[in-house]
Every structure is written in structure tokens, then in C-alpha cells.
Amino acid sequence: MDCAVEAASDFFKLSSEAKEEFASEDLRQPVRYDTSSKDSISMSRAFLKHYAHPLSDWIQYWPEKPTIYREYMGKYAVEVRSVALQLIEAILEGLGLGKEYLNEQFQEGSQLLSVNCYPKAPQDPVTIGLAPHSDYGFLTILLTSCQGLEVVDRSSNSWKTVQQLPHALHVHVGDHMEVLSNGQIKTAMHRAVLNPEESRISIASIQGFELHEKVACAKELVDKQNPAKYKESSFSDFLDHLTANMDNKHRNFLESLRM
Ligand SMILES: O=C(O)CCC(=O)C(=O)O
Ligand SMILES: [Fe+2]
């Protein structure tokens with residue numbers, strides 16, 4: 001885990017030119033570097049996003065520098081995906097769907113790594129690094145170098161700081177789990193605030209289905225009393241939604257799926 005943070009940190013220390021090599025406004029690029037100045041929703045963040053599963057298909061597109069990047073990030077990606085799949089199985093079992101439910105789609109699903117770098121906060125008042133959002137996939141596993149993640153507590157509708165525990169991973173549910181469970185499990189609204197003491201690295205691993213595979217409410221969880229609450233959608237539909245709403249505030253994907 002520390003190695004993945006080190007690889008990320010070293011990448012962001014590269015010259016602007018080296019990082020800009022990966023700059024693209026096309027959300028479908030296999031690797032994409034961007035900073036807050038161009039992306040209105042993320043407020044003070046540089047990030048590198050790339051796919052990670054199957055690793056042999058994607059690793060060739062990842063940065064070659066720093067030289068440790070592919071090895072360290074690759075190892076982390078494989079390990080964290082295995083944890084995510086085990087957690088997803090447990091959730092599916094808890095929903096009464098059985099742990100093998102849609103097993104093929106999960107096994108062949110996509111994994112997106114969002115590697116973020118936030119500057120140290122300039123002064124005391126809460127400074128936002130990444131604006132409130134939920135993740136599109138089923139489950140996100142987040143590794144962070146220091147405190148900065150906040151989640152909405154649904155009971156009080158207020159922001160709660162996620163405590164930084166040494167060597168702990170943070171797990172949260174994404175939009176497609178809310179859809180699959182027909183609303184029984186809710187997506188986690190979250191944001192990142194800048195840390196006043198140090199710059200911060202976070203690595204989000206987002207587990208979804210393959211690009212064009214549709215996610216619908218599980219028919220086992222739909223009946224007369226509980227009609228389907230969401231339209232079906234794919235990861236590709238999410239990318240289209242983001243592209244179409246790049247410059248406005250209607251970026252909430254889950255809201256766009258509500259029936
Ligand atoms: O930096 C964080 O703590 C959150 C990152 C995040 O939410 C994301 O990359 O989707
Ligand atoms: Fe997120």
C-alpha cells in the first residue's frame with residue numbers, strides 16, 4: 001500500500017511537461033491526467049485516471065516514469081481488486097442474491113484507478129480539494145496518505161470526517177450498487193478537503209462492470225411493493241452523461257437514472 005502511494009507521489013513530482021503528456025479532455029482515453037484549473041468540479045486537485053483490469057490490457061498505457069510506477073501500482077491494483085470482489089460477494093449474499101450473482105460480469109468487470117494529488121491547504125477554513133460526488137461503480141476502495149476524506153452522514157445530512165487510521169482502506173458504495181440493490185444500499189456522497197498540514201495522495205479503485213454491460217435493479221429485489229426505482233445504465237452511459245454535463249451542475253448520474 002505504501003508503495004502505491006510512493007509511486008503516485010513520485011508521478012506527481014514529475015515536470016509539468018512529463019505529466020501533460022497524459023493530458024486529455026476525452027474521458028475515454030485509457031490514461032488521463034488533468035488538474036483543477038480545467039475541470040470545474042474538482043477544485044484543487046491534480047489527477048491521473050487509468051484502467052487497471054485486465055492489467056495486461058492496460059498497463060502498457062500507464063506512465064513509464066517514475067520507473068517504479070507500473071510495478072508498484074500494478075501490484076496494488078491486483079490486490080485491491082481481489083479485496084473489492086470479496087466484499088461485493090459478501091454484499092450480494094447479504095442482499096439475498098447469493099455470492100455468485102452475476103459472477104461473470106463482476107469477474108470481467110472494469111477497474112478504474114483514480115490517482116489524486118492535493119496541495120496542502122493554504123489556510124485554516126475548510127478548502128475543498130474535490131467537490132461532493134458519488135462514484136459510478138459498485139464499490140470504491142480508497143487508500144489515502146493522510147486525512148481529508150469526508151462523507152455525508154445521511155441521518156444528520158451533514159459532512160463527517162473519515163478518520164485516518166494507519167494502513168486502513170476506506171470502502172464506499174457507488175451508484176451502481178444502489179441501482180442493483182434497488183435502493184436498499186445507498187451510494188456514498190463524499191468529497192475531499194485539503195489537509196492543512198501536508199499535501200495528500202489518494203488512490204480510488206472503482207469496481208464496475210465492463211464498459212457496455214448494463215446494470216439494472218436486480219429482478220429478485222423488484223416486486224409490486226418495490227417497483228424498480230432506477231433505469232438501467234452502463235459505465236459507457238456514465239461517461240456520456242459526464243461529457244454532456246461537463247459545464248453545468250447536473251452532473252449527478254444517479255439522479256438521472258431515477259424513475
Ligand atoms: O481523495 C479522496 O479522499 C477522495 C477521492 C475520490 O473521491 C475519487 O477519486 O473519486
Ligand atoms: Fe469519489
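Two exercises on a predicted model follow, each with a worked solution.

Residues are numbered from 1 along each chain as written, while chains are lettered from A and ligands numbered from 1 in written order. Local features need pLDDT of at least 70 and side-chain atom pairs pLDDT 80 or more, whereas totals for chains, interfaces and linings use all residues.

**Exercise 1.** Determine the order of the strands in the open sheet and state which strands stand at the edges.

*Solution.* Strands are DSSP runs of E with at least two residues, and helices are runs of H or I with at least four, both numbered from the N terminus. Two strands pair if DSSP finds at least two bridges between them. β1 (31-35) and β8 (170-173) each have a single partner strand, so they are the edges. Within the sheet, eight bridges join β3 to β10; V115 has I203 of β10 as its bridge partner.

**Exercise 2.** Describe the surroundings of ligand 1 by residue, element and residue class.

*Solution.* First, list the residues near the ligand (C-beta atom, placed from the backbone, within 6 Å): among them are S114, N116, D135, H190 and S202. Next, assign elements: β3 (111-118), β5 (139-144), β9 (190-193) and β10 (200-207) each give two or more residues. Finally, sort by class: Ala, Val, Leu, Ile, Met, Phe, Trp, Tyr, Cys and Pro count as nonpolar, Asp, Glu, Lys and Arg as charged, and the others, Gly among them, as polar. The shell then divides into five nonpolar, six polar and one charged residue.
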